[in-house]
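Have a look at the model before reading on.

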Amino acid sequence: MNILVTGSNGQLGNEIRRISEEHPAYTYFFTDVTELDICDEQAVISYVTGNKIDLIVNCAAYTAVDKAEDNRDLCDKINHLAPGYLAKAIETRGGSLIHISTDYVFDGRSYVPYTELAPVCPVSVYGTTKLAGEKAVMQYASKAMIIRTAWLYSSFGNNFVKTMIRLGQEKDSLGVVFDQVGSPTYARDLAVAVFAAIEKGIVAGIYHFSDEGVCSWYDFTKAIHRLAGIDTCFVSPLHTDEYPTKAIRPHYSVLDKTKIKETYGIEIPYWEDSLKECIEKIKKES
């Protein structure tokens with residue numbers, strides 16, 4: 001099987017690249033914008049056809065949530081139109097598509113974990129374009145698996161975990177919001193789930209994936225500092241309105257993972273166990 005991984009220089013793409021070494025039976029094509037501009041429909045068709053791609057894992061996305069409010073057109077191209085191009089291209093090959101989406105398709109006003117059947121209601125440009133991308137994928141690809149995830153981090157690239165470690169080492173005090181709740185997701189855990197789906201065979205539909213457990217950004221930061229051995233920075237809890245941002249964040253981003261666990265027979269780690277593993281990797285790599 002020939003597998004195309006788009007956005008391969010990002011957090012999830014890099015984790016998939018690392019885990020792919022454990023699955024040598026497949027042939028991989030790792031691309032980012034320099035190798036394949038997924039916003040160019042003809043380029044996508046040519047690449048997928050020319051390399052006889054059987055499965056696409058689309059990790060590419062415009063994820064700068066606040067900047068998206070001022071860059072709607074570019075955000076829409078990457079998050080909405082491009083997934084549609086990938087879906088159309090893989091459909092001509094009779095292949096499958098795994099598309100990564102987000103908790104931002106919800107407004108965050110729930111108080112129980114979101115299932116895949118929960119009503120969607122994005123409240124930001126990022127969330128709106130990601131939802132449009134989901135719809136395009138489902139419209140054009142008959143063998144499409146959409147995985148919504150949340151609070152993604154890894155030892156690769158820039159992310160909340162690395163930022164909090166850096167700020168904790170640089171500052172004496174720090175304020176972090178405590179009234180936004182979700183489940184941190186180690187990108188490696190999501191990559192493992194992606195390969196579980198590939199190994200079993202794609203069962204089309206929408207799925208939710210994040211690590212187990214729930215915390216606030218404040219709790220997450222406290223755990224990051226504790227596990228990183230940072231004890232000189234005082235972290236105080238903030239209300240959302242004390243830390244204004246251009247884009248509205250969901251206050252509640254907890255996802256129900258029952259469907260993906262039952263469909264693919266996977267076990268999902270507890271978020272703090274995975275955080276510990278990631279921080280140990282960050283320490284080694286630095």
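Setting aside neighbours within four places in sequence, G108 is in contact with Y114, P250, H251 and Y252, where contact means heavy atoms within 4.5 Å. A quick word on the source: this is a predicted model, where local features need pLDDT of at least 70 and side-chain atom pairs count only at pLDDT 80 or more, while totals for chains, interfaces and linings use all residues. Residues are numbered from 1 along each chain as its sequence is written, and side-chain values use heavy atoms, with hydrogens and water left out.

G108 sits in the loop between β4 and α5; helices (H or I, at least four residues) and strands (E, at least two) are DSSP runs, numbered from the N terminus. With a relative accessible area of 5%, G108 is buried. For the cut-offs, buried means under 20% relative accessible area, exposed over 50%, and partly exposed in between, using a 1.4 Å probe and protein chains only. N158, in the loop between β6 (152-153) and α6, counts as exposed because its relative accessibility is 76%.

| Pair | Apart in sequence | C-alpha to C-alpha |
|---|---|---|
| G108 and S253 | 145 residues | 5.8 Å |
| N158 and K67 | 91 residues | 16 Å |

## The sheet

Now for the strands. An open sheet of 6 strands runs in the order β2-β1-β3-β4-β5-β10, with parallel pairing; two strands pair if DSSP finds at least two bridges between them. β2 (27-30) and β10 (205-208) are the edge strands with a single partner each, so one side of each has no neighbour in the sheet. On average, neighbouring strands here are turned by 20 degrees against each other, direction ignored.

Strand β1 (residues 2-6) pairs with β3 (residues 55-58) in the parallel sense over 4 bridges, and I3 stands opposite L55 in β3. β1 also pairs with β2, again parallel and over 4 bridges, with V5 opposite F30 in β2. How enclosed is β1 by the rest of the structure? Largely, because 5 of its 5 residues are buried. Both faces are covered, with N2, L4 and T6 buried on one side and I3 and V5 on the other.

## Helices and cores

The axes of helix α6 (residues 160-170) and helix α10 (residues 271-285) come within 11 Å and cross at roughly 65 degrees. Those axes are lines fitted to C-alpha atoms, for helices over the stretch in contact, and angles run from 0 to 180 degrees between N-to-C directions. The contact is made by V161, K162 and I165 of α6 together with L275, I279 and I282 of α10.

Several of these residues turn up again in the largest nonpolar core, which has 35 residues: Y153, V161, I165, F220, I224, L275 and I279 touch the most other members. A nonpolar core here is a set of buried Ala, Val, Leu, Ile, Met, Phe, Trp, Tyr and Cys residues joined through side-chain atoms within 4.5 Å. At least two core residues come from each of α6, β7 (173-177), α8 (217-228), β12 (234-238) and α10. Which element gives the largest share of this core? That's α8, with 6 residues. A second, separate core of 29 residues includes V5, L55, I147 and Y207.
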